[in-house]
Amino acid sequence: MSNKQVISEWFYLYSDDIYQFLFYRLNSKHHDVEDLVQEVFIRALNNLDRYKGEASPKTWLYSIARNIAIDAHRKQKRDKWKWLLQFENGTVPESTEKDTPEQLYFVSEEQKELLNAIRTLKESYQEVLIMRSIKELSVQETAAAMGWTENKVRSTLHRAKSALQKKLGGNVVE
């Protein structure tokens, strides 16, 4: 099978999972997340020779998506600063999108509140919560995707759930 066929098969199998991970992880527009999913698979194709098969393709793709999310988050921060500087100079760009991803995809206020609370946590907490609790990856898959030990995944998940519970005013987080 050629590299393109392998990536095509992986895209068919895992693109929805990667999309959901990036959607939960980033506060981006729908089309931005789609672009980032494509970037994951482009990077996978370009680096397929480095894939040793030690981890499952899914966890390898999650690790690529995680790195892309970190890059995108940094870019969002830079863009936010640029926007603030424009605001200070009196040249504020108008919003082109009226609907946020939450308005498009999350119906209940509870879900919006949960997503917003997750996004206020530090990055490692967000990632482990998304992978373990939302995407339901195993401890082993999460550890492989994040480059952590299984014990670190378990302890970070516990701390993340406690922090999230505190943010939500003591509501129980399963």
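A salt bridge here is a side-chain nitrogen of Lys or Arg within 4 Å of a carboxyl oxygen of Asp or Glu. The structure holds eight of these salt bridges, and we will visit some of them on this tour.

**Before you start**

This is a predicted model, in which local features need pLDDT of at least 70 and side-chain atom pairs count only at pLDDT 80 or more, while totals for chains, interfaces and linings use all residues. Residues are numbered from 1 along each chain as its sequence is written, and side-chain values use heavy atoms, with hydrogens and water left out.

**Stop 1: colour by confidence**

Colour the chain by pLDDT, the predictor's confidence in each residue, from 0 to 100. The chain averages 80, and 74% of the residues score at least 70. Now select residues 83–99: pLDDT stays under 50 there, and the model has ten contacts beyond four places in sequence for this stretch (contact means heavy atoms within 4.5 Å). Residues 102–107 also stay under 50, with 17 such contacts. Where pLDDT is low, the predicted coordinates should not be read in detail.

**Stop 2: the core**

Next, select Trp 10, Ile 18, Leu 22, Val 40, Phe 41, Trp 60 and Leu 61, the residues with the most contacts inside the largest nonpolar core, which has 47 residues. Such a core is a set of buried Ala, Val, Leu, Ile, Met, Phe, Trp, Tyr and Cys residues joined through side-chain atoms within 4.5 Å. Helices α1 (3–25), α2 (30–46) and α3 (57–88) are among those that each supply at least two residues, and α1 gives the most, with ten. Helices are DSSP runs (H or I, at least four residues), numbered from the N terminus.

Centre on Val 40. Leaving aside neighbours within four places in sequence, Val 40 is in contact with Ile 18, Leu 22, Leu 61, Ile 64, Ala 65 and Ile 68.

**Stop 3: aromatic pairs**

Show the rings of Phe, Tyr and Trp (for Trp, the six-membered ring): they pair if their centres lie within 6.5 Å, and planes under 30 degrees apart count as stacked, over 60 as edge-to-face and the rest as tilted. There are seven aromatic pairs in the structure. Trp 10 and Trp 60 make an edge-to-face pair, 6.0 Å centre to centre with 70° between the planes. Trp 10 sits in α1 and Trp 60 in α3, 50 residues apart. Both are buried (buried means under 20% relative accessible area, exposed over 50%, partly exposed in between, with a 1.4 Å probe and protein chains only).

**Stop 4: salt bridges**

Select Lys 58 and Asp 17, whose side chains meet in a salt bridge (3.6 Å, N to O). Lys 58 lies in α3 and Asp 17 in α1, so the pair ties together parts that are 41 residues apart in sequence. Lys 58 and Asp 17 are both buried.

Move on to Glu 123 and Arg 25, a salt bridge with the closest N and O atoms 3.3 Å apart. Glu 123 is in α6 and Arg 25 in α1, 98 residues apart.

Being four residues apart, Glu 39 and Arg 43 are separated by about one helical turn. Glu 39 is partly exposed at 29%, and Arg 43 is partly exposed at 27%.
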